[in-house]
Structure formats: C-alpha cells, structure tokens
Amino acid sequence: APVIELDGVGKTYSSGAIEFEALRGIDLAIHQGEYVAIMGPSGSGKSTLMNILGCLDTLTVGEYRLAGENVGNLDEEDLAQIRNQRIGFVFQQFNLLPSLPSWRNVELPLVYGRVEKAERQRRAVAALERVGLADRVDNRPGELSGGQQQRVAVARALVGEPALILADEPTGNLDSVSTADVLALFDELHAQGRTIILITHELEVAQQASRIVWVRDGAIHSDSPSGRHGGPA
Ligand code: ADP
Ligand code: ADP
C-alpha cells in the first residue's frame with residue numbers, strides 16, 4: 001500500500017458566511033521511496049495541502065490514509081502523535097531552538113517519543129553524522145551557517161525514522177551553495193529509500209525530485225516524472 005493516499009480530498013475555509021474552497025478533488029498516492037515535489041503558484045493551495053499531509057490541519061471532505069491509517073477522523077491529540085511518529089518536518093525557517101546545541105535540537109522528537117536519554121543522545125549524534133555534521137554536535141544554531149542549520153533540521157527530521165519526510169520550501173532561505181548542499185542530502189536520503197515530499201515554488205529545486213505534482217487553483221493540474229532518477233521508484 002502507498003505511504004500516502006488522498007482520495008477526493010477537499011478543504012474549505014470558512015469565516016462567517018464566507019467560504020473558500022482552497023483544495024478540491026485531490027487524488028494522490030505516494031509510495032515508499034518516492035521523491036515527490038509539489039509545485040504551484042502562490043495561492044494555489046500548496047501550504048493547505050502540506051498542512052493536510054503533515055496532519056497539521058484537517059480536511060473538509062475525502063479521505064487521507066497515512067501508512068495505512070485513516071487520519072481524517074482523528075482528534076488533535078492523536079494527530080500530534082502521528083506527526084511525531086510518522087513524519088519528519090523540514091521548514092523554510094529551520095525552526096531550531098537557538099539556546100540548544102545541535103544534538104539537543106535533533107533529539108527533540110525522541111523526547112516526545114519517550115526514548116531513554118542515553119539512547120536519544122546516541123541516535124541524535126548518529127543522525128548528525130548522517131548529514132555530515134559529526135563535528136558540530138555541540139554547536140548552537142547561531143554558530144552554524146544557514147546550510148548547516150538546515151542540515152541539523154534534516155537530522156531532526158530523520159532521527160525518529162519516520163515513514164515520511166515533509167519539507168516545506170527547505171531551500172527558501174538558503175544561498176545557492178547551501179541549497180545545493182541540502183538538495184544533495186535529500187538525494188542521498190532518497191537513494192537510501194526514504195520517502196520525501198518537497199514543497200517548493202522553484203522549478204530547479206523541484207527538478208531534483210523524481211516526480212512533480214503541480215497544484216493550480218486548489219486542484220492537481222499535472223503529475224508526472226521529472227525525468228530525473230529514471231522516474232518514480
Ligand atoms: P505562502 O504563499 O507563503 O504559502 P500565504 O500568504 O498563502 O503563504 O499564507 C500564509 C499563512 O496565512 C498560511 O498559514 C495560510 O493558511 C494563512 N492564510 C492565507 N490566506 C489566508 C486568508 N485569506 N485568510 C486567513 N488566513 C490565510
Ligand atoms: P500556497 O501555499 O500555494 O500559496 P495556500 O494553501 O496558502 O496556497 O492558500 C490557498 C488559498 O487558500 C489562497 O487563496 C489563500 O488565500 C486561501 N487560504 C489559505 N489559508 C486560509 C485560511 N486560513 N482562511 C481562509 N483562506 C485561506
């Protein structure tokens with residue numbers, strides 16, 4: 001079964017008498033090991049889709065199964081648990097805690113997951129090694145470049161071995177060198193069989209993925225192999 005299955009998903013925002021259909025009729029299946037970019041102009045519904053995929057927001061109509069589980073009807077507490085156990089998030093703004101050294105930022109998902117302290121530290125350091133930051137485990141975010149901070153964020157996304165890595169404009173705040181760095185890291189993770197969804201409005205970034213889904217006016221406009229990596233796995 002696919003890691004992600006959206007069937008007829010729609011999202012309507014309402015404030016008072018005014019309703020706005022931000023997503024409609026979204027059918028999307030993503031299998032384990034796929035590297036998918038979601039593209040579209042500003043206002044097309046990318047963030048709304050990302051929030052639904054990330055269990056950060058609920059859908060209005062349709063069905064969403066994540067790793068086989070129907071997450072459409074779960075309450076906030078269950079959604080929080082699903083987010084923590086199944087999804088690794090990477091954001092444009094890194095979202096690191098500035099007062100904590102790298103390894104303490106990386107271990108955070110395991111703190112919520114109630115893993116023992118020594119095991120947390122061991123896994124955090126291993127995740128930092130995987131993103132090439134073995135020599136930065138004790139540095140705070142302010143002592144790292146933007147690219148390095150985003151690699152710490154990727155390590156944090158990986159540490160819990162989630163079913164899915166969801167990255168929202170992960171290179172939006174990076175210069176071209178750091179962008180290449182982070183994209184090379186996603187390539188490696190993809191080669192290791194990780195499932196990655198990358199939301200971006202930059203075509204050059206999207207073309208790193210093996211499949212590109214275009215969203216337009218709240219609907220899927222096209223969905224096709226990017227031509228890279230020989231298409232979807
Ligand atoms: P971006 O284009 O970078 O995704 P947006 O400006 O579309 O950002 O949205 C920023 C935030 O504001 C999002 O969390 C979105 O859900 C919210 N938002 C966007 N449009 C509206 C709106 N018309 N009313 C209320 N909230 C909105
Ligand atoms: P994108 O990320 O592609 O820029 P969004 O998902 O943020 O698009 O927004 C899609 C549409 O939904 C936009 O027209 C936006 O104004 C609207 N929207 C987003 N969030 C809200 C909200 N909380 N309330 C009302 N309208 C919203």
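Author: Helices α3 and α5 are roughly parallel to each other (an angle under 35 degrees; over 145 is roughly antiparallel, 65 to 115 roughly perpendicular, the rest oblique). This is a predicted model, in which local features need pLDDT of at least 70 and side-chain atom pairs pLDDT 80 or more, while totals for chains, interfaces and linings use all residues. Residues are numbered from 1 along each chain as written, chains are lettered from A and ligands numbered from 1 in written order, and side-chain values use heavy atoms without hydrogens or water.

Reader: At roughly what angle do the axes of α3 and α5 cross?

Author: Helices (H or I, at least four residues) and strands (E, at least two) are DSSP runs numbered from the N terminus. An axis is a line fitted to C-alpha atoms, for helices over the stretch in contact, and angles between N-to-C directions run from 0 to 180 degrees. The axes of α3 and α5 come within 7 Å, and their crossing angle is roughly 30 degrees.

Reader: Which residues of α5 make the contact with α3?

Author: Contact means heavy atoms within 4.5 Å. From α3, Ser102, Asn105, Val106 and Pro109 take part. Their partners in α5 are Val152, Ala155 and Arg156.

Reader: Is α3 oblique or parallel to α4?

Author: Helix α3 spans residues 102–112 and α4 spans 117–130. Their axes are 8 Å apart, at an angle of about 120 degrees. That angle makes the placing of α3 relative to α4 oblique.

Reader: How many charged residues are in the contact of α3 with α4?

Author: The α3 side includes Trp103, Arg104 and Glu107, and the α4 side includes Lys117, Arg120 and Leu128. Asp, Glu, Lys and Arg count as charged; Ala, Val, Leu, Ile, Met, Phe, Trp, Tyr, Cys and Pro as nonpolar; the others, Gly among them, as polar. The contact has 7 nonpolar and 2 polar residues, and its charged residues number 5.

Reader: How far apart are the axes of α5 and α6?

Author: These two helices are roughly parallel to each other. The angle between them is about 20 degrees, and the axes are apart by 9 Å.

Reader: Does Thr171 count as buried or exposed?

Author: Thr171 sits in the loop between β7 and α6. Leaving aside neighbours within four places in sequence, its contacts are Thr179, Val182, Leu183, Glu202 and Val205. Buried means under 20% relative accessible area, exposed over 50%, partly exposed in between (1.4 Å probe, protein chains only). At 4% relative accessibility, Thr171 counts as buried.

Reader: What is the relative accessibility of Cys55?

Author: Cys55 lies in the loop between α1 and β4. Its phi is near 55 degrees, a positive value in a residue other than glycine. Cys55 counts as buried because its relative accessibility is 1%.
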